[in-house]
Amino acid sequence: MSGSSPRVAMLKTVVGALILTLLPLPSWLEIVRPGFLALTVLYWSIAAPRAGGITLGWVCGLLLDAFEGPVLGEHALALAFLAYIAVREHQRIRSKPIFQQSLIVFAALIFYEVVLFAIDGWSGHPLTAPLRWVPTFTGALIWPVAAAILARSYRPST
Amino acid sequence: MILDQRFNWLGRAHYALQAASYPVELAVSSPVAAWHWVQKSFATRDSLEAENQRLRTRLRDLELRSMRYDALARQNAALIGLRNALPPVAQRWLPADIVNIQLDSLRQRVLIDRGSVNSVVAGQAVLDDDGVVGQTMHVGPWSAQVILITDPEHALPVSIQRTGLRTIAVGAGDSTSLALPYLPANADIRVGDVIVTSGLGGVFPPGYPVARVTEVHKEAVQPLAHVRAVPFAHIDTDSEVMLIWFRQDSPAAPLEEHDGELITGDRSIQPLTVPAKPVPPSEAAAAAKAADKTDAARKAAGTTHIKPPSQASAAKVSKPLSKPPATTPARKPERPPT
């Protein structure tokens, strides 16, 4: 679709995810809004581990930090971790059916949220609202849809 | 990350990032802004006329009231013999629009469209027409993040208007309530009490309305009262806020940091080297403006310097501030009538 490198598609989807993250929504929707950027990073780490990988996670995290987060680098670190795990296990994750993938994504998102939680705690900006865990559920639920949409953005020329 | 947290070395990077992110933020908020614009441009003549009428009535009302306040202020100043009371404490103000994007769903932060090119600095008071909204936190060139008083990480030094009792108001995490967690169970506080800023903390001058107490629970077994208040500012519906610059030499100015110590009011009359026995009129006036008696006692004793609650940012002063002078132990003897 867009040449041999998925980078262009990557960029587009990252921008799309960022816009979805920042879009003002009614408050009940805000709570369930999944971490679109985390899902995007996960997808690209699994689908094209060489093109983006940890760097993609780190850059996306930094972008996210520019908008939210009390400490600069918080999301960068967490997303880089997330990308690292996904890149390491991408063969195994890719071969699973989509619903098992959802479960793995759920675990990965929980890990991501735990990293954020820990950094929040260490840096003295604790946010202990139980609502912060809701996006992990919605993220896992939305994974099949998100993966399908992201898959359309780029098809490797085999 | 640790550098950012501990040493603030990445302030410049943060600034640059905020500059870079502002166009994106504007772009994201543009559909909503466009919708509002369309709505506004198709507003009917009737509704505009009605609004005009309403505003005119309000203006007349306010003018009448401000005339009275002028007279009162003059009278007050004449009585006190202090000319410094005449200049208003607010030196300059600037309306700012709230950029309609979601910064963080669980924290109470908003983005405004004014930044350091408008000489906005971090830790600046943000008000709306009814009360205190919050203060600026991260300032970029064209935009600034505002931490609202309802954010759980925000602590605001306040006093109860009726009694003068000082305490800290902490955000409860939703846009309609504040908590006053550091009041002892025997504190004189009732539902309906008006909470105003106390002037400590270096961001807000004393006397700005903050919230009204809606809930007071006192249990004999609990050492602290459970108090909730509703902010006056329309924090969840505001689309425009006011940034205020304060006149530093006004007696009512917020505390200013100076060599690591916080100083209030006019510096020319402040540091009293010799403890004076009868409080001179100017001192009394300054103390009256600061609206607290313990300060007056301190000034009379020649110590005008108040320990800084923390660094310049009052946003992070939640706990340290609760113990030092903010909640005056001297006030405790005020017991509620049994």
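User: Looking at chain B, in which sense do strand 7 and strand 8 pair, and over how many bridges?

Analyst: Keep in mind that this is a predicted model. For strand pairing, look at the sense and then at the bridges. Here strand 7 (residues 166-171) and strand 8 (residues 178-179) of chain B run antiparallel to each other, with two bridges.

User: What do the six strands 6-7-8-11-10-9 of chain B close into?

Analyst: Follow the strands from partner to partner. Taken in the order 6-7-8-11-10-9, those six strands of chain B close into a barrel, and the pairing is antiparallel.

User: Which strands of chain B does strand 1 pair with?

Analyst: Strand 1 (residues 90-99) pairs with strand 12 (residues 240-246) of chain B in the antiparallel sense, over seven bridges. One place to look is B:A96, whose bridge partner in strand 12 is B:V241. Strand 1 also has an antiparallel pairing with strand 2 (residues 109-112) of chain B, this time over two bridges. There, B:V99 has B:L111 as its bridge partner.

User: Is A:A38 buried or exposed?

Analyst: Count the C-beta atoms around the residue; 20 or more within 10 Å make it buried. A:A38 has 29 others within 10 Å, so it is buried. You'll find A:A38 in helix 3 of chain A. Beyond four places in sequence, its contacts are A:L79, A:L82, A:L109, A:Y112 and A:G139. The C-alpha atoms of A:A38 and A:H75 are 9.5 Å apart, with the two residues 37 apart along the chain.

User: How should I read helix 7 of chain A, and what do its buried residues pack against?

Analyst: Check the span, then the buried side chains' surroundings. Helix 7 (residues 98-122) of chain A has 25 residues and reaches 36 Å between its first and last C-alpha, close to the 36 Å expected. Its buried residues are A:V105, A:A108, A:L109, A:Y112, A:L116 and A:I119. They pack against helix 3, helix 5 (74-88) and helix 8 (134-153) of chain A. Just after the helix, A:G124 takes a positive phi of about 80°.

User: Last one: how many residues of chain A are in contact with chain B?

Analyst: Count each side, then ask which elements contribute. Here 24 residues of chain A are in contact with 24 of chain B. On the chain A side, helix 1 (7-22), helix 2 (27-32), helix 4 (53-67) and helix 5 each give two or more residues. Helix 1 gives the most, with three. By class, that side has 16 nonpolar, three polar and five charged residues.

Notes. Residues numbered from 1 in each chain as written. Chains lettered and ligands numbered in written order. Predicted model: local features only at pLDDT ≥ 70, side-chain atom pairs only at ≥ 80, totals over all residues. Helix = DSSP H or I, 4+ residues; strand = E, 2+ residues; numbered from the N terminus. Expected span 1.5 Å × (residues − 1). Buried ≥ 20, exposed ≤ 12 C-beta atoms within 10 Å, placed from the backbone. Contact = placed C-beta atoms within 7 Å. Nonpolar A, V, L, I, M, F, W, Y, C, P; charged D, E, K, R; others polar. Pairing = 2+ DSSP bridges.
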